[in-house]
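Reader: Please take a close look at how the side chains pack in this model. Start with rings and charges, then go on to the helices and the chains.

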Amino acid sequence: MTLADFAVLVDASPKWVLNTRAVLGPGLRYTVAVAERLALVKALNRDLAISLPRAWALAGEALAKTPDPSGLVNFVAGVGTANLAVDIHRLRSAISTRRSQLANMPQQRRAGRKPKRQSNPLTAARRYGLDVTLLQANLSRGPAERLRQLDAMAAFRSHVHRMT
Amino acid sequence: MFEEIIKALVAAKVRFVVIGGVAATIQGSARFTNDIDICYDTADDNVERLAALFSGWHPYLRGVERGLPFVFDARAFRITPIMTLTTDKGDIDVLDAVPGVGDYAAVFKASEPVRIGAVEFRSLNLEALIASKRALGRPKDVEQLIELEALLALRRQQRRNPT
């Protein structure tokens, strides 16, 4: 997992991950389990102003406990004056959702320099191998017709998908 | 599939703008897409309506293994505003903002009304689609950018020479 992907899982900036890693030690690996713990560390640090090392210890404690049926883990923090309730189900659900986001919306940008903007987009499209007449034919249809055509193609695709 | 989803969103009074591949098709793109992307208004009432509608379609996360912890309700949208879902009605991506365009208010401003029969909804315009593809800059976006820019050039040509 790359730093950028890991930062998406934690819902933090890559810079925050690197700074936190510098405080907590370089042993932190870019894994889903660590992302889960670090997401909780971030919430404890941001919302309750708990220091990063203390938040790291509390997050480890919370995640090691078995949540109650509603998904909550209650535990005593500090010397016993504060009681923390962590919604473990929601935390894990958020991590799953971000994993799905990474699977469908990859973060990586195209390597190298940005392509030069062509002075004539139609020439650029033809050079790229696009059938410009197809685009012209599409423009002669209305938006509703274009959407219905796409719908028909999607239905055909799922029909073939079911058959194979 | 897409038409049905859009009609259901309109009927549920969800404030949304169609973005991504379906918006590109509406603008004239010839590329195929298998999912519909929408940008939604993050106001509480709207998120409640969106969550209530999608809950009936048995949503689950796309591209990950079955059985992962997944809570789907209005609160989930606040924790994770971007969701890539698979539902009974098809694959749907929901986003609170569009890179290169901005949040829902900016996306709404950069959208245009589209009518299918009696249903009217909003879809991202061609210029904003180009801006979002340019901002994303992934290999597949760069490829699509060439097509969208060609479409914009064709549209301008048509406007100059309507015959």
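Author: A charge sits over a ring if NZ of Lys or CZ of Arg is within 6 Å of the ring centre and within 35 degrees of the ring normal. Keep in mind that this is a predicted model.

Take chain B. The charged end of B:Arg122 sits over the ring of B:Phe108. The distance to the ring centre is 4.4 Å.

Now ring against ring. Over all chains, the search of the whole structure gives seven aromatic pairs. One of them joins B:Phe54 and B:Trp57. Their ring centres are 5.3 Å apart, with the planes at 25°. Stacked pairs need planes under 30 degrees apart, so B:Phe54 and B:Trp57 count as stacked. Both B:Phe54 and B:Trp57 are buried.

The pair of B:Phe72 and B:Phe77 has its planes at 70°. The cut-off for edge-to-face is over 60 degrees, so B:Phe72 and B:Phe77 are edge-to-face. Their ring centres lie 5.4 Å apart. Buried means under 20% relative accessible area. B:Phe72 has 14% relative accessibility, so B:Phe72 counts as buried. B:Phe77 is at 2%, so B:Phe77 is buried too. Ring pairs also tie B:Phe72 and B:Phe77 into a cluster with B:Tyr40, B:Tyr60 and B:Phe70.

Next, a polar side chain. B:Gln27 belongs to helix α2 of chain B, residues 20–27. Its relative accessible area is 0%, so B:Gln27 is buried. A polar atom of the B:Gln27 side chain lies 3.1 Å from the backbone oxygen of B:Leu124. Leaving aside residues up to four places away in sequence, B:Gln27 touches residues of chain B that include B:Glu112, B:Leu124, B:Asn125 and B:Arg155. B:Gln27 also touches A:Leu139 and A:Arg146 of chain A.

An α-helix has 3.6 residues a turn, so residues three or four places apart point the same way.

Step back to whole chains. Chain A has eight helices and two strands. Their order along the sequence is α-α-α-α-β-β-α-α-α-α. Chain B has seven helices and nine strands.

The C-alpha box of chain B is roughly 55 × 35 × 25 Å.

Burial comes next. In chain A, 37% of the 164 residues are buried. In chain B, 56% of the 163 residues count as buried.

Last, contacts with a separation of 6 or more. Residues 24 or more positions apart make 40% of them in chain A. In chain B the share is 61%.

Conventions. Residues numbered from 1 in each chain as written. Chains lettered and ligands numbered in written order. Predicted model: local features only at pLDDT ≥ 70, side-chain atom pairs only at ≥ 80, totals over all residues. Heavy atoms only, no water. Phe/Tyr/Trp six-rings, centres within 6.5 Å; stacked < 30°, edge-to-face > 60°. Buried < 20%, exposed > 50% of the residue type's maximum accessible area, 1.4 Å probe, protein only. Helix = DSSP H or I, 4+ residues; strand = E, 2+ residues; numbered from the N terminus. Polar contact = N/O pair within 3.5 Å; in protein donor to acceptor, adjacent residues only side chain to side chain. Contact = heavy atoms within 4.5 Å.
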